[in-house]
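These are my notebook entries on a structure with more than one part to look up. I set down what I looked up, entry by entry.

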Amino acid sequence: MIQKELVCVNCPMGCRISVELEGDQVLSVSGNSCPRGKEYALKECIRPERILTSTVKVNGGVHRVLPVITSKEIPLDMIFDAMEIVKKTEISAPIHEGDVIIHDILNTGADVIASRSMKAVH
Amino acid sequence: MKNYQAIIIGGGSAGLSAAVTLKKNGIEDIVVLEKDCEPGGILEQCIHNGFGLQTFKEQLSGPAYAERYVKMAEEADVLIKLNTMVTKLTADRVVEYVNPEEGAVRISGDVIILAVGCYERARGAINILGSRPAGVYTAGQAQRYLNIEGYLVGKRVFILGSGDIGLIMARRMTLEGAKVLGVAEIMPYSNGLPRNIKQCLEDFDIPLYLSHTVTRTFGRDRLEKIELCEVDKDRKPIPGTEQYFDVDTLLLSIGLIPENHLADEAGIVMNGVTRGPVVDDSYMTSVPGIFACGNGLHVHDLVDFVSLQAARAAEGAAGYLKDKKDRGYIQHVNPGENVSYTVPACVHPADVRGNVEFFFRVRKPMDEAVLEIRSGDTVIRTLKKKKLMPSEMERAILTAKEIAALKDDVTISVKEVIS
């Protein structure tokens with residue numbers, strides 16, 4: 001059995017989580033202060049996942065770029081491939097917060113969605 | 001001169017929360033003065049996630065968190081003046097501002113709430129040798145260029161200071177295709193949140209050089225190279241430890257300071273450690289009717305606490321508007337051993353309005369410690385604490401009963417337990 005110390009990345013609380021592992025089997029998780037922490041610890045030991053945030057080009061908006069975020073975590077090892085798609089994406093204003101910008105990126109089941117609304121400028 | 005019941009300076013997370021809370025408390029005649037072209041403040045460029053877990057029980061990006069407050073302000077019919085820069089504040093609560101529509105205007109308020117945010121320490125604050133080439137930015141400046149304006153400021157990057165914005169920019173610029181060669185921190189421990197060390201540096205194999213600093217820049221028109229040195233326990237560079245990195249960009253993430261010029265000019269008593277105003281339990285400053293909250297009061301690590309404290313400041317302001325009474329004598333709440341400051345810094349035992357939550361930071365990292373709240377010779381409370389760090393704000397509560405019973409100043413200290 002091995003013991004792993006993790007820092008939860010879900011929120012700025014940054015809980016220190018202890019995990020007991022037997023091979024790929026997680027025996028126990030402690031130190032988390034919410035269910036997200038437990039879920040994080042389980043995934044972190046097998047295949048780490050992260051929320052991806054970035055920007056996409058906007059045409060006709062108040063700003064040149066729009067912040068976007070994945071609707072759920074995607075595997076960390078796919079982050080750069082996902083960025084290649086994000087970088088090529090261009091959209092037009094107006095946009096509403098939560099609008100799907102890229103559907104099911106890299107078949108991860110996660111959508112890339114708008115982090116904010118942006119009005120169009122004429 | 002037009003008078004408002006309340007003038008809120010700043011339309012970021014603190015200002016919007018204060019405005020919404022004032023409206024909830026029946027204060028209708030208010031105005032928010034915001035210098036940017038849209039409300040939301042610094043959150044608009046903080047496109048990463050992790051905001052709102054306390055306030056909304058959800059994990060939001062900065063812009064999404066801001067948008068919730070902007071919507072609440074819209075629904076509460078809050079008047080927000082955009083592109084409006086406040087140029088002066090006086091102790092008799094007169095505010096001068098300028099904007100493109102109205103020009104220079106003078107207004108007064110029955111109360112003023114300072115929600116002005118903070119600014120970044122820049123290169124001039126730390127005296128790095130070298131000329132002044134392009135390519136040296138504060139981390140927040142580079143963040144604004146990238147996340148709002150859409151410009152990546154460089155391709156080979158070094159970051160000085162392990163503050164959260166620096167760490168987040170290390171990841172952000174890496175994702176955008178830049179090579180981040182390292183992050184240096186002059187202290188022997190990181191100043192950023194542990195989660196950001198993990199997900200911004202370790203995830204991308206970006207080295208963190210603790211007890212190191214940048215001692216020299218090379219390049220005249222554009223940055224070409226930096227010199228990195230290890231430092232001794234007095235934070236002095238150690239000769240012979242020089243390393244060189246070919247970079248076109250140096251980001252500085254070396255601290256945030258409350259934007260205190262307006263408060264200073266109005267004669268408000270400032271705290272030498274937080275560099276923001278000294279406030280009581282209602283978040284009123286030393287000048288009656290002027291309140292302070294958010295990063296302009298003290299620098300926070302969670303926006304959720306900014307919103308929360310701003311709401312308390314607004315409740316304090318609403319209370320003051322009702323009777324404008326003097327709340328009687330004060331007892332100070334002082335930082336003791338291993339504590340660098342406390343906010344609020346005083347209470348009024350003769351006029352207790354409820355439990356008071358104190359925010360404070362420890363001076364050094366401690367694995368195990370005991371928090372002690374003491375008044376004179378009386379120990380009011382002790383509490384065991386684990387894993388304390390200067391980068392993580394701590395909280396402690398005094399109950400209404402405890403405050404009413406105070407006979408002496410209060411000291412909050414943290415004693416390290418060496419096991």
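Entry 1, contact between the chains. I looked up the side chains of A:Arg116 and B:Glu38 and found that they meet in a salt bridge, 2.8 Å from N to O; the term stands for a side-chain nitrogen of Lys or Arg within 4 Å of a carboxyl oxygen of Asp or Glu. Between chain B and chain A I noted a count of five salt bridges. The model is a predicted one, in which local features need pLDDT of at least 70 and side-chain atom pairs count only at pLDDT 80 or more, while totals for chains, interfaces and linings use all residues. Residues are numbered from 1 along each chain as its sequence is written, chains are lettered from A and ligands numbered from 1 in the order in which they are written, and side-chain values use heavy atoms, with hydrogens and water left out.

For the contact (heavy atoms within 4.5 Å) I recorded 31 residues from chain A and 38 residues from chain B. In chain B, the residues that lose the most area to chain A are B:Glu67, B:Leu175 and B:Arg195, together 18% of what that side buries. The area buried between the two chains is about 3100 Å², with 54% given by carbon and sulfur atoms; buried area is the accessible area (1.4 Å probe) that two parts lose on being put together, summed over both.

I next looked up the second largest pocket, whose volume is about 610 Å³. Of its 22 lining residues, the closest to the centre are A:Lys119, B:Glu38, B:Pro39, B:Val70 and B:Glu74. On a 1 Å grid over the protein atoms alone, a pocket is an open set of points with protein on both sides within 12 Å along at least five of seven lines, a cavity is a set where a 1.4 Å probe fits but cannot get out, and lining residues have an atom within 4 Å of a point. Grid points are joined across faces, edges and corners, and a volume is the space filled by probe spheres set on the points. Helix α2 (residues 62-75) of chain B gives the largest share of this pocket's lining, seven residues; helices are DSSP runs of H or I with at least four residues, numbered from the N terminus.

I searched the whole structure and found five cavities of 30 Å³ or more.

The domain assignment, automatic or from a database, gives chain B domain 1 (1-120 + 256-325), domain 2 (122-254) and domain 3 (328-419). I noted that the C-alpha centres of domain 1 and domain 2 of chain B lie 31 Å apart. In domain 1 of chain B, B:Gln45, B:His48 and B:Glu120 lose the most area to domain 2 of chain B, together 56% of what that side buries. Across this interface of chain B, one salt bridge is found.

Note on methods: Helices (H or I, at least four residues) and strands (E, at least two) are DSSP runs, numbered from the N terminus.
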